[in-house]
Amino acid sequence: MRRNHPPASADLAALRKRAHGIRRTCIELATGKGQGYLGQALGFADVMAALYFHELRFDPENLDWPERDRFVLSTGHYAILLWATLAEAGAIPREELATFAMDDSRLDMSALDSSPGVEVTGGSLGHGLPVAIGMALGLGLAGSEARVFCELSDGECQEGSTWEAALSAATFGLDRLVAIVDANGIQADGKIVVRLEPLAEKWRAFGFETVEIDGNDMAAVVAALEGARARDGRPKAIVCRTLPGKGVPRLERREKAHFIRVEPDEWEAIRAELEEAVA
Ligand SMILES: Cc1ncc(C[n+]2csc(CCOP(=O)(O)OP(=O)(O)O)c2C)c(N)n1
């Protein structure tokens, strides 16, 4: 069903259930591949549930609805999470999930703009925010009410293009723009290598109205998104502290969670741990 305006209040229990469904689908998608970007997907699932089931103006039956809010997935390697979220929303047929990462599938390992629900090809890191700013400017010129939500990673906060974009967003007073940083503390080889802290203060200093939250606390995520609705001439940033592998203790404990390798006999335990976590 089309959501025209974000609702005034949220059903947190229902959103947590959605997040769980999304995590379950992420695991289903990764099962059998032996490896993948599962850690980030599990970590950011709460934010995606809040976005797609509460905040975004969104029509699962028409992903190209012109008045939709734009969601830019800057980290194309999080694609598995987008497919799981869109399937949870009924925007991708569940049967299609079986084609994930196969030749000719619409559901690639990394998000392409030819895929359903993808606004721009991600994956070349550091480009999502600049593109989101162009979209926000264009929507403003077209007289649209649509807003632009841009996910980006803490790794991308080490890239100059991100901060150049942030400067221009504040200069243009882009209050329809919400930057959502997945501050999960990791990048390719392990922990973040360049000192980013205090990250929220940096966004603030660049002119963004900024909050820093536990991105795995649904109440906090919803409050931050609702707080970012103000059209007050300033862009918004939400710095989300998330836990890679969230919901599956054996994955939460992994030191190298950027690209997870899973033994064939481990999937069952992973599924069981996820279900135990919500029991
Ligand atoms: C411009 C660019 N440089 C390098 C890469 C290779 N790369 C893919 S994912 C990744 C890790 C980046 O860390 P982060 O964005 O924080 O992602 P996370 O580890 O949380 O998934 C890198 C370096 C890339 N995709 N794009």
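**Close-up views of a predicted model**

**View 1. An open sheet of five strands.** The strands run in the order S2-S3-S4-S8-S7, and their pairing is parallel. Strand S2 (70-73) and strand S7 (209-214) are at the edges with a single partner strand each, so one side of each lacks a neighbour in the sheet. From one strand to the next, the twist averages 20°. Axes here are lines fitted to C-alpha atoms, with angles from 0 to 180 degrees between N-to-C directions. Strands are DSSP runs (E, at least two residues), numbered from the N terminus. Two strands pair if DSSP finds at least two bridges between them. This is a predicted model: local features need pLDDT of at least 70, side-chain atom pairs count only at pLDDT 80 or more, and totals for chains, interfaces and linings use all residues. Residues are numbered from 1 along each chain as its sequence is written.

**View 2. The pairing of S7 with S8.** S7 pairs with strand S8 (residues 236-241) in the parallel sense, over six bridges.

**View 3. The shell around the ligand.** Of the 16 residues around the ligand, those that come nearest are Leu125, Ser153, Gly155, Gln187 and Ala188. A residue is near if its C-beta atom, placed from the backbone, lies within 6 Å. The shell holds three nonpolar, 11 polar and two charged residues. Gly counts as polar in this division.

**View 4. Ala188 in its loop.** Ala188 sits in the loop between strand S5 (186-187) and strand S6 (190-191). Ala188 counts as exposed because it has 10 C-beta neighbours inside 10 Å; the cut-off for exposed is 12 or fewer. Asp103 and Ala188 are 85 residues apart in sequence and 25 Å apart in space, C-alpha to C-alpha.

How values were computed:
Helix = DSSP H or I, 4+ residues; strand = E, 2+ residues; numbered from the N terminus. Buried ≥ 20, exposed ≤ 12 C-beta atoms within 10 Å, placed from the backbone.
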